[in-house]
Amino acid sequence: MEIDGWRLLVVGATGVIGAEVAATAAARGARVAVAGRDPARLERVARRVGAERGEVFDAYDLEGCRGLAARAARRTSGLDAVLVTFGAVAFGRAGEVPLAIQEHLMAVNASAPMAVLEGALDVLAPDGAVGALTGMVVDRPVPGTVAYRASKAALAVWLDSLRAEHRRERLTVLDARLPHLDTGFAQRALAGTPPPLPPGADLDTWVSAVLDGLLHGGTVLRPDSTGAHPLRQ
């Protein structure tokens, strides 16, 4: 499948990574639909990628999340791929992150992405693709990220199960375990202070790797042993 004419929905397009994925895909010839939480930012991203408009959503509205792909598909005459790029983070050891924030992490990082992608299954074209950003924290425990890691690991396990369920249909299910990127995400934590972080990896490299993984049947995208370059399974 070529990206020219590809119909992609980016959910979380008002974030730094989501906006770059949407813009890069559009620049490579894809027809991009966008969804996000902030209406003003969403309008700017939609203009940037040539979308008619964006879909505003709330991660706590799971039925609304489930319906995003269907609403976007009506605007793009179908969808070939859906990618979830939104999330939330909090820092602290076990017992330090307030329970309400732990619940929030599970809602935003696991339940809402699952709902979005479940809804996508009903509208994707044959040999379609779905994916989500989890993070290298799934593979590499980092002190002070126990609640955040648990929420991302829940999504990673769900993606793995979805892939197994739809293997015969040749559905691509991409788990993008990106390294630290210098997007300001850690500084917007809901609680706690980020641990020492390595220099941010190159955003453009990882955005391209995510798109290529969706296009070419990737399963898990993760950093190599240096933490800088993508390895795609």
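Does Glu55 count as buried or exposed, and what is its relative accessibility in this predicted model? At 9% relative accessibility, Glu55 counts as buried (buried means under 20% relative accessible area, exposed over 50%, partly exposed in between, with a 1.4 Å probe and protein chains only).

**Notes for all views.** This is a predicted model, in which local features need pLDDT of at least 70 and side-chain atom pairs count only at pLDDT 80 or more, while totals for chains, interfaces and linings use all residues. Residues are numbered from 1 along each chain as its sequence is written, and side-chain values use heavy atoms, with hydrogens and water left out.

**View 1. The whole protein.** Seven helices and eight strands make up the secondary structure (DSSP runs numbered from the N terminus: helices are H or I with at least four residues, strands are E with at least two). Of the 233 residues, 55% count as buried.

**View 2. The salt bridge of Glu55 and Arg75.** The closest N and O atoms of this pair are 3.2 Å apart (a salt bridge is a side-chain nitrogen of Lys or Arg within 4 Å of a carboxyl oxygen of Asp or Glu). Glu55 belongs to strand β3 (residues 55-56) and Arg75 to helix α4 (residues 68-76), so the pair links distant parts of the chain, 20 residues apart. Arg75 is partly exposed, with a relative accessible area of 25%.

**View 3. The salt bridge of Asp139 and Arg222.** The two side chains meet at 3.0 Å, N to O. Asp139 lies in the loop between β5 (124-133) and α6 (146-165) and Arg222 in strand β7 (residues 220-223), so the pair ties together parts that are 83 residues apart in sequence. Asp139 counts as partly exposed, at 34% relative accessibility.

View 4. The closest N and O atoms are 3.2 Å apart. Arg47 and Glu43 are separated by about one helical turn because they are four residues apart in helix α2. Arg47 is exposed, with a relative accessible area of 55%, whereas Glu43 counts as partly exposed at 49%.
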